[in-house]
Amino acid sequence: ELPNHLIHFGIDINTQKKTDKTVTEMNLDFNLNFTLSKTIEDGKVLTPLYGPGYTGLENLGNSCYMNSVLQILLSLEPFKKWYLDGALEHLNTCYKNPIECYMCQMSKIMYGLHSGMYSVKKERELPATEEGKKGEIEEYQDGIKPSSFKLYFGRDHPDFSSNKQQDALEYMSYLLDIMKTEDRGRKIDPLKLFTFEIENRMECTKCHCVKYRKQKQVSLSLSCNNIKEKKEETSECTMEESISKFLGEEIVDGLECSECKAKTNWIKTQKVLNFPKYLIIIF
């Protein structure tokens with residue numbers, strides 16, 4: 001009854017026109033008019049793809065770290081073999097509460113991503129940007145909303161259960177650890193797909209004694225050379241430069257040498273001893 005009450009004060013809200021917009025309203029207008037199907041990269045308009053294997057994941061609010069990990073991880077052949085084959089059969093025969101069943105969650109998201117059921121071309125008209133003109137027609141797909149997946153895998157973690165942005169590598173490592181634990185009965189260890197060994201070599205510059213240390217890792221961390229040392233502002237750091245820097249020599253000072261009994265400088269070098277089936281590189 002608010003309009004009737006305000007009439008008493010001479011205010012007819014039915015004839016009022018809003019002239020200013022809040023930041024939230026402006027962001028909403030921008031999102032409604034932002035055509036994802038025409039995202040431009042390197043001057044080219046990208047063409048949307050539809051069908052099996054081309055299903056999008058809806059952002060649940062700062063969940064892009066999870067979505068990007070799932071899109072890459074669950075597209076790998078071993079994961080399809082482990083979780084896609086028999087996914088529909090499990091979903092049709094399991095009588096557990098899906099939010100408490102590990103295989104239900106894995107089967108549901110794998111079938112959703114790879115069946116093509118939620119990646120069908122649709123069209124909608126965007127809100128008009130100018131009065132009297134029709135809005136632009138945008139292509140879209142329904143995609144899937146991984147709410148229960150996020151809830152199941154993040155319920156025991158203080159960070160991944162929140163709606164805050166998180167680190168993608170940390171989430172992937174956390175996810176792989178859960179998969180290894182849950183699938184130990186099937187003797188599935190997804191970490192083996194990414195594990196490799198690094199050998200560190202340390203040489204004392206005074207007595208030239210050498211020490212070796214091996215370390216298992218699931219990702220290769222590379223860094224760019226100082227971009228400020230480049231001659232041009234548009235210069236880029238290449239993969240070859242980053243790998244050369246990783247394999248190159250590094251001086252480590254102030255370490256105790258057990259042979260010459262002194263604190264000396266050391267020459268550190270490292271190399272990859274073996275390679276995993278899938279190599280994760282971090283910049």
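Predicted model: local features only at pLDDT ≥ 70, side-chain atom pairs only at ≥ 80, totals over all residues.

**Helix α3**

I began with helix α3, residues 64-73, where Tyr65, Met66, Asn67, Val69, Leu70 and Leu73 are buried. I use buried for under 20% relative accessible area, exposed for over 50%, and partly exposed for in between, with a 1.4 Å probe and protein chains only. Helices (H or I, at least four residues) and strands (E, at least two) are DSSP runs, numbered from the N terminus.

What do the buried residues of α3 pack against? I found α4 (77-84), α6, α7 and α8 (168-182). Contact here means heavy atoms within 4.5 Å.

I then picked Asn67, which sits in helix α3. Asn67 counts as buried because its relative accessible area is 8%. Skipping residues up to four places away in sequence, I see Asn67 touching Leu57, Glu58, Asn59 and Pro146.

**What kind of model this is**

Residues are numbered from 1 along each chain as its sequence is written, and side-chain values use heavy atoms, with hydrogens and water left out.

I checked pLDDT, the predictor's confidence in each residue, from 0 to 100. The protein chain has a mean of 87, and 88% of its residues reach 70 or more.

**The chain as a whole**

I noted nine helices and ten strands in the protein chain. The chain has 283 residues, and 30% of them count as buried. Of the contacts with a separation of 6 or more, 58% come from residues 24 or more positions apart. The chain exposes about 19,500 Å², with carbon and sulfur atoms supplying 52% of that area; the areas come from the Shrake-Rupley method with a 1.4 Å probe, and for residues, only the protein chains shown count as cover.

**α6 against α7**

Two packed helices are described by the angle between their axes and the distance between the axes. For helix α6 (residues 102-114) and helix α7 (residues 147-154), I read axes that come within 10 Å and cross at roughly 145°. The axes are lines fitted to C-alpha atoms, for helices over the stretch in contact, and angles run from 0 to 180 degrees between N-to-C directions.

The crossing of α6 and α7 is left-handed, a word I use if the near helix is turned anticlockwise from the far one by less than a right angle (right-handed if clockwise).

Which residues of α6 and α7 meet? On the α6 side I listed Tyr102, Gln105, Met106, Lys108 and Ile109; on the α7 side, Ser148, Phe149, Tyr152 and Phe153. By class, this contact of α6 with α7 has six nonpolar, two polar and one charged residues. Ala, Val, Leu, Ile, Met, Phe, Trp, Tyr, Cys and Pro count as nonpolar, Asp, Glu, Lys and Arg as charged, and the others, Gly among them, as polar.

**Ser161**

I followed the loop between α7 and α8 to Ser161. Ser161 counts as partly exposed because its relative accessibility is 43%. Ser161 and Lys150 are eleven residues apart in sequence, and their C-alpha atoms are 7.4 Å apart. Leaving aside neighbours within four places in sequence, I see Ser161 in contact with Lys150, Gly154 and Arg155.

**Positive phi**

Most residues other than glycine have a negative phi. Asn62 has a positive phi, near 60°, and lies in the loop between β2 (44-45) and α3. At 41% relative accessibility, I put Asn62 down as partly exposed. His208 also has a positive phi, near 65°; its loop runs between β5 (196-204) and β6 (210-217).

**Thr264**

Is Thr264 buried or exposed? Thr264 is buried, because its relative accessibility is 8%. I placed Thr264 in strand β9, residues 262-272. Not counting residues up to four places away in sequence, Thr264 touches Cys204, Lys206, Val252, Asp253, Gly254, Leu255 and Cys257.
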